Amino acid sequence: MLVQTLEIFLIAISAGVFGSILGLGGGIIIVPVLTLLFNVPMQTAVAASTVSIIATSTGAAVAFLQDRLTNTRVAIWLEMGTSTGALSGALIAGYLDQRFLYILFGLLLAYSGYNMFKSRKNELPEGVLPDRLSQKLQLQGSYTDRQLDRRIDYQVTGTVPGLIIMYFSGIAAGLLGIGAGIFKVPAMDQIMRIPFKASTATSNFMIGVTAASGAVVYFARGDVKPMITGPVVLGVLLGAILGAKLMVRLKSSTIRKLFIPIIIYTAFEMIYRGLK
């Protein structure tokens, strides 16, 4: 049992590192590892993953807020869409064909991955003109990029389309059991034209808020098992802190290249589930 706990802890560290760098949380690694390698029941694995996402968000948020990478105004604006979408998903869960949803959202992710691949060498968005709502909400931001050794000032556009995408990402997260971060980062990167580092940092901030509501349910149902969740949370928290320190030293183009295989894999996995 001690050896298994140590193995879970070490894997959770790597999940926390990648989760904080990419803005996805560690669930995309934690759930498959726990269920396939350690034969943990799915509900227990998802519960541990959900709690670990809070740890990822908490561990990375401090570093990202200090570096001003997190755009809290954008996060609050988009979280309205995600939360509303999650509520809608819960209400309509019994009326929709999940196979169709898997294929639909899988195709959307594949398209996002294709667009991200085309712009994989771009370090920063150029020629971004803020829309009227973005100016009114003061969604623009700035941060100091340590890799480029200069201050980055950026504008935000696509304010309403970004909110709409967040609404559907909330539905997908609630209905299909996937992390909404896989939709949030591409939406901020491609639709709202936010620099990729700021997108992943803001996603890290948001996923903790989203996961907190789900964690309450898992705690109430007794799905959170201390011997599984404990090493996962501790490992992910440590990994998130390390990942946050590493992320600020990476190029945005490098982080985008790390993100592309994840989004493509998730897209094809969803399409496969829908067809199966």
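A pocket, as I use the word here, is an open set of grid points with protein on both sides within 12 Å along at least five of seven lines, and its lining residues have an atom within 4 Å of a point. The model I looked at is predicted.

Entry on the pocket. I looked up the second largest pocket and noted a volume of about 310 Å³. I counted 16 residues in its lining. L108, L109, S112, I165 and F183 lie nearest the centre of this pocket. Which helix gives the largest share of the lining? I found that α5 does, with seven residues. Helices α5 (98-118), α7 (159-176) and α8 (181-191) each supply at least two lining residues. Sorted by class, the lining has 12 nonpolar residues, four polar ones and no charged ones.

I noted a nonpolar patch of about 560 Å², made by L87, L91, I92, Y95 and L96. One of these residues, L91, sits in helix α4 (residues 72-92). L91 counts as exposed because its relative accessible area is 60%, and the cut-off for exposed is over 50%.

Entry on backbone angles. Most residues other than glycine have a negative phi. I looked up R68, which is not a glycine and has a positive phi of about 60°. R68 lies in the loop between α3 (42-66) and α4. Is R68 buried or exposed? At 55% relative accessibility, R68 is exposed. I then looked up D149, a residue other than glycine with a positive phi near 60°. D149 lies in the loop between β1 (141-145) and β2 (150-154). With a relative accessible area of 68%, D149 is exposed.

Definitions and conventions:
Residues are numbered from 1 along each chain as its sequence is written. This is a predicted model: local features need pLDDT of at least 70, side-chain atom pairs count only at pLDDT 80 or more; totals for chains, interfaces and linings use all residues. Side-chain values use heavy atoms; hydrogens and water are left out. Patches are made of residues with over 30% relative accessible area and no salt bridge: like charges are joined within 9 Å, nonpolar side chains (Val, Leu, Ile, Met, Phe, Trp, Tyr) within 5 Å. Accessible areas come from the Shrake-Rupley method with a 1.4 Å probe; for residues, only the protein chains shown count as cover. A salt bridge is a side-chain nitrogen of Lys or Arg within 4 Å of a carboxyl oxygen of Asp or Glu. Helices (H or I, at least four residues) and strands (E, at least two) are DSSP runs, numbered from the N terminus. Buried means under 20% relative accessible area, exposed over 50%, partly exposed in between (1.4 Å probe, protein chains only). On a 1 Å grid over the protein atoms alone, a cavity is a set of points where a 1.4 Å probe fits but cannot get out, and a pocket is an open set with protein on both sides within 12 Å along at least five of seven lines; lining residues have an atom within 4 Å of a point. Grid points are joined across faces, edges and corners, and a volume is the space filled by probe spheres set on the points. Ala, Val, Leu, Ile, Met, Phe, Trp, Tyr, Cys and Pro count as nonpolar, Asp, Glu, Lys and Arg as charged, and the others, Gly among them, as polar.
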